[in-house]
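Here are some short notes to read alongside the structure. Please go through them in order.

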Amino acid sequence: MLRIPCPKCGTYVFISDAGSFIPCPQCGAIFSGKHGPDKRKEPRTPKKINFSLSLGDRTYKASASDLSASGVGIKVFGRPPLARGEILTLPIKRPIMQAKVVWVKRLPDQSLAGLQKV
Ligand SMILES: [Zn+2]
């Protein structure tokens, strides 16, 4: 695990390998330890996409934002058993997107997670 400051807001973010881009949980900036801020020109989708996330035998209400070609940020309502490294199937795109949980932030009634496409 590496601890890297966000180049935009300075929040420290944990990342498993320096070459991967992750979104900052604080300001949403995309960056990696090795490459710094994400300068790729890929457009990100600012609008929220609501979807149902199936985990085990339960379904949670969720929404996705900051959808880019390499990853997505999601918000899941309730207390989902999300774990880092877990692969989720997100029915937000066609073909259906599979993404790995890079970070999870638990709040009292919802969880935020950053995912990277696999
Ligand atoms: Zn930041």
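What percentage of the 118 residues of the chain count as buried?

1. The figure is 24% of the 118 residues. A residue is buried if 20 or more other C-beta atoms lie within 10 Å of its own, exposed if 12 or fewer, and partly exposed in between, with C-beta atoms placed from the backbone.

2. The model is predicted: local features need pLDDT of at least 70 and side-chain atom pairs pLDDT 80 or more, while totals for chains, interfaces and linings use all residues. Residues are numbered from 1 along each chain as its sequence is written.

3. The chain has 0 helices and 11 strands. Both are DSSP runs numbered from the N terminus: helices are H or I with at least four residues, strands are E with at least two. The radius of gyration is 14 Å, close to the 13 Å of the globule rule for 118 residues, so the chain is as compact as a globular protein of that length. This radius is taken over C-alpha atoms, and the rule is 2.2 Å times the number of residues to the power 0.38.

4. Among contacts with a separation of 6 or more, 33% join residues 24 or more positions apart. Two residues are in contact if their C-beta atoms, placed from the backbone, lie within 7 Å.

5. An open, antiparallel sheet of 3 strands runs in the order S3-S4-S5. Strands S3 (22–23) and S5 (36–37) each have a single partner strand, so one side of each is left without a neighbour in the sheet. Two strands pair if DSSP finds at least two bridges between them.

6. S4 (residues 30–32) pairs with S5 over 2 bridges, in the antiparallel sense. Phenylalanine 31 has proline 37, in S5, as its bridge partner.
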